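Please look through the sequence and the three-dimensional structure shown here before reading the briefing that follows. The notes after it are grouped by topic, so that each can be checked against the picture in turn.

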Amino acid sequence: MHFPTTKLVLVSVLTLMIISHASSLRFHYINSHNFTTKTSTSSSSTTSARRSRTNPSLALVHRDAITGATYPSRRHAVVDLVARDNARAEYLTRRLDPAYQPAEDLGRSEVVSGLDEGSGEYFVRVGVGSPPTEQYLVVDSGSDVIWVQCKPCDQCYAQADPLFDPSSSTTFSPVSCGSTICRTLSTSGCGDAGRCQYEVSYGDGSYTKGVLALETLTVGGTAVEGVAIGCGHRNHGLFVGAAGLLGLGWGAMSLVGQLGGAAGGAFSYCLASRGGSGEAGSLVLGRSEAVPEGAVWVPLVRNPQAPSFYYVGMSGIVLGDERLPLGSGVFQLTDDGAGGVVMDTGTAVTRLPAEAYAALRDAFAAAVGDLPRVPGVSLLDTCYDLSGYTSVRVPTVSFLFDEGATLTLPARNLLVEVDGGVYCLAFAPSSSGLSILGNIQQEGIQITVDSANGFIGFGPSTC
């Protein structure tokens with residue numbers, strides 16, 4: 001992303017996140033002219049880097065590095081981000097609301113990738129076939145099916161890489177209609193020569209249709225054989241230049257689900273901080289590398305209505321040293337699948353139920369005192385002009401999870417710059433009871449998903 005910018009940098013040891021079962025830090029002091037100092041890295045992350053060749057490790061690249069998007073100003077970039085973000089959040093609300101039903105004759109897979117759905121914020125480079133054809137795939141932690149556009153293509157959208165040609169791969173093997181893998185799909189059919197056909201559709205009218213096959217994927221230099229992928233011959237939509245999608249959801253068809261014991265049912269990721277050193281984030285597969293010592297573990301919560309998504313149990317929010325006065329059930333996942341707190345890499349700005357957001361916004365505004373307020377930008381309604389300040393004090397924000405774990409966010413994960421020296425609180429109200437922990441709040445924190453044992457871990461490393 002290229003645009004004029006004024007930067008903010010943490011100026012003390014508060015660059016480090018705090019992840020613990022107790023925290024005494026109440027305020028961050030920030031330099032309002034530079035907010036992007038690279039976060040310090042603990043010794044555990046150094047050790048992990050030395051061992052990173054043991055299991056597949058991939059660079060997580062932001063979409064703007066792929067699309068080459070340019071904007072006349074930071075405000076234009078933020079407005080574009082907010083538009084994608086609104087669409088993604090509204091899609092999740094529809095998808096995770098018990099009353100939501102897909103349109104008739106459309107696939108029910110949880111894949112979400114279209115630009116109009118606000119997805120496609122992070123990409124990885126994966127080799128498809130033998131010999132491997134390098135492709136950029138969207139990473140989606142709320143999706144299961146893995147797919148790429150394929151030749152011959154009856155209908156394809158523009159992508160950054162050449163189309164994958166299954167006839168040039170020695171390991172491409174179509175799946176038969178009667179196979180167990182084909183029956184695993186929610187929507188499948190039988191095509192020519194008894195080949196299993198798949199179809200995935202999206203809320204914005206985007207779709208992919210084609211043949212399900214077993215293929216070799218080269219992930220971080222490691223060849224993984226026999227992965228079930230969709231080979232899409234008819235694809236429509238705005239997919240931001242990606243060749244397809246890499247599903248990392250909690251279902252059997254996701255990459256983690258298919259790898260099973262090979263990956264130990266675990267993966268970790270770290271989203272690089274905005275405006276940092278320019279380094280990519282990382283995605284690591286495999287229990288020995290992905291599951292670190294010293295992480296704070298929070299139980300995952302399964303939503304039977306949306307089993308591919310990773311929910312966490314959250315009990316409250318603390319701002320400074322005051323717990324926000326919220327109703328006891330504001331973050332609860334109900335028996336019919338409504339509400340709850342879902343982790344999502346495709347949503348940027350964290351969404352909270354209206355009651356929780358109003359309490360956070362008002363408490364934050366009271367804590368920062370007389371900092372000059374300025375008009376909001378779309379859903380970002382709590383904004384300040386910090387251009388005239390050398391240093392400002394902002395309160396800490398901590399998420400309280402079930403079983404006593406606490407995640408205190410780094411200061412850089414609280415605010416987003418929308419213009420030269422103008423910063424807005426990077427939270428927004430949800431249009432329903434659903435809470436979404438977005439990628440701005442996840443940036444710079446090592447996050448580990450141990451789907452086999454039902455836990456998600458925060459830390460101890462940073463990126």
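Predicted model: local features only at pLDDT ≥ 70, side-chain atom pairs only at ≥ 80, totals over all residues.

Leaving aside neighbours within four places in sequence, Phe 427 is in contact with Val 349, Thr 350, Leu 352, Tyr 357, Leu 360, Leu 379, Leu 380, Val 397, Phe 399, Leu 409, Leu 414 and Gln 441.

**The nonpolar cores**

- Phe 427 and Phe 401 are the residues with the most contacts inside the largest nonpolar core, which has 77 residues.
- Helix 7, which covers residues 354–368, supplies the largest share of this core, namely seven residues.
- At least three residues of this core come from each of two domains, domain 1 (57–97 + 117–271) and domain 2 (292–459).

**The annotated active site**

- Which residues does the UniProt annotation "active site" cover? According to that record, which is an unreviewed entry, they are Asp 140 and Asp 344.
- These residues span 205 residues in sequence, yet no two of their C-alpha atoms are more than 8.0 Å apart, so they gather at one spot.
- Asp 140 belongs to strand 6, which runs over residues 133–140, and Asp 140 counts as buried because its relative accessible area of 1% is under the 20% cut-off.
- Asp 344 is found in the loop between strand 20 (341–343) and strand 21 (350–352), and Asp 344 is also buried, with a relative accessible area of 1%.

**The surroundings of Asp 344**

- When residues up to four places away in sequence are not counted, Asp 344 touches Arg 88, Leu 92, Asp 140, Ser 141, Ile 436, Leu 437, Gly 438, Asn 439 and Gln 442.

**A buried threonine**

- Thr 408 sits in strand 26, which is made up of residues 406–408.
- Is Thr 408 buried or exposed? Thr 408 counts as buried, because its relative accessibility is 1%.
- The side chain of Thr 408 is joined to the side chain of Ser 398 by a polar contact of 2.7 Å.

How values were computed:
Residues numbered from 1 in each chain as written. Heavy atoms only, no water. Helix = DSSP H or I, 4+ residues; strand = E, 2+ residues; numbered from the N terminus. Buried < 20%, exposed > 50% of the residue type's maximum accessible area, 1.4 Å probe, protein only. Polar contact = N/O pair within 3.5 Å; in protein donor to acceptor, adjacent residues only side chain to side chain. UniProt positions renumbered as here; feature names shortened; annotations may be inferred. Contact = heavy atoms within 4.5 Å. Core = buried A, V, L, I, M, F, W, Y, C linked by side-chain atoms within 4.5 Å. Domains from an automatic or database assignment.
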